Amino acid sequence: MLEIVHNKHPALHTIAPCVVDQDISDLLESMKSIVEKENALGIAAPQLGVSLRIIYVVTNAYIGFIINPEIDTLKSKTVKSKAEGCLSYPGKRKTMKRNIKCSVTGLNENNEPIVFTATKMDAF
C-alpha cells in the first residue's frame, strides 16, 4: 500500500503525464483506501508519489476514479469557498477560490468514458 507524500515531494510540484499503458491497479486500490480511511473528498496520484494523471473523488456529482481528467470551467465565475485542507499538507488549511460550475471528462477504472458536470463545492 502506498502512503501519502508531503509538501516537498517532487511529484507534487511537476505536471503529471497522462496514463497510457501502465498497470495502475495497485495505485487505484491505495487511492480509494486512503480516501476512505481519511474520510477525504479526494486524492490525486501525485499525492502518493506517483506522477500520473489520476484522481479519486467523492462528490455529489460523481464518486470514483477519473483517469486523464480534463476540466472545463464553462466560463463560470469563481466564489470563495471555506478553508480547505489537503492530505499532503497535514494541519494546514487555505481558503480556495472554486468555480461555480465545471464539466469533467476522463476515463473510469474500466477505461470507459466519464462526463459529468459539477457545481458549487463539487466543482474543481
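The structure is a predicted model, so local features are reported only at pLDDT of at least 70 and side-chain atom pairs only at pLDDT 80 or more, while totals for chains, interfaces and linings use all residues. Residues are numbered from 1 along each chain as its sequence is written, and side-chain values use heavy atoms, with hydrogens and water left out.

The protein chain has one helix and seven strands. Helices (H or I, at least four residues) and strands (E, at least two) are DSSP runs, numbered from the N terminus. Going along the sequence, the pattern reads α-β-β-β-β-β-β-β.

How much of the chain is tucked away? Buried residues make up 36% of the 124 residues. Here, buried means under 20% relative accessible area, exposed means over 50%, and partly exposed is in between (1.4 Å probe, protein chains only). The protein chain exposes about 8000 Å², and carbon and sulfur atoms supply 52% of that area. Accessible areas come from the Shrake-Rupley method with a 1.4 Å probe, and for residues only the protein chains shown count as cover. Contacts (heavy atoms within 4.5 Å) also say something about the fold: of those with a separation of 6 or more, 53% join residues 24 or more positions apart.

Some buried residues come next. Ser30 sits in helix H1 and counts as buried because its relative accessibility is 4%. Setting aside neighbours within four places in sequence, Ser30 is in contact with Met1, Leu2 and Leu48. Val104, in strand E6, is buried because its relative accessibility is 1%. Although Val104 and Glu70 are 34 residues apart in sequence, their C-alpha atoms are 5.8 Å apart in space.

Leaving out neighbours within four places in sequence, Gln47 is in contact with Glu3, Ile4, Val5, Leu12, Cys86, Leu87 and Ser88. Leu52 and Glu38 are 14 residues apart along the chain, and their C-alpha atoms are separated by 21 Å.

Beyond its neighbours within four places in sequence, Ile15 is in contact with Ser51 and Arg53. Between Ile15 and Tyr56, 41 residues apart in sequence, the C-alpha distance is 17 Å.

Two asparagines have a positive phi, and neither is a glycine, of course. For Asn39, phi is near 55°. Asn39 is in the loop between helix H1 (25-38) and strand E1 (42-44), and it counts as exposed because its relative accessibility is 70%. For Asn111, phi is near 65°. Asn111 is in the loop between strand E6 (101-107) and strand E7 (113-119), and its 57% relative accessibility is why it counts as exposed.

Asn111 also turns up in the lining of the second largest pocket. Rolling a probe the size of a water molecule over the atoms shows where empty space is left. On a 1 Å grid over the protein atoms alone, a pocket is an open set of points where a 1.4 Å probe fits, with protein on both sides within 12 Å along at least five of seven lines, and lining residues have an atom within 4 Å of a point. This pocket holds about 160 Å³ of space, a volume filled by probe spheres set on the points, which are joined across faces, edges and corners. Among its lining residues are Val19, Gln22, Ile24, Leu107 and Asn108. The lining divides into six nonpolar, five polar and one charged. Ala, Val, Leu, Ile, Met, Phe, Trp, Tyr, Cys and Pro count as nonpolar, Asp, Glu, Lys and Arg as charged, and the others, Gly among them, as polar.
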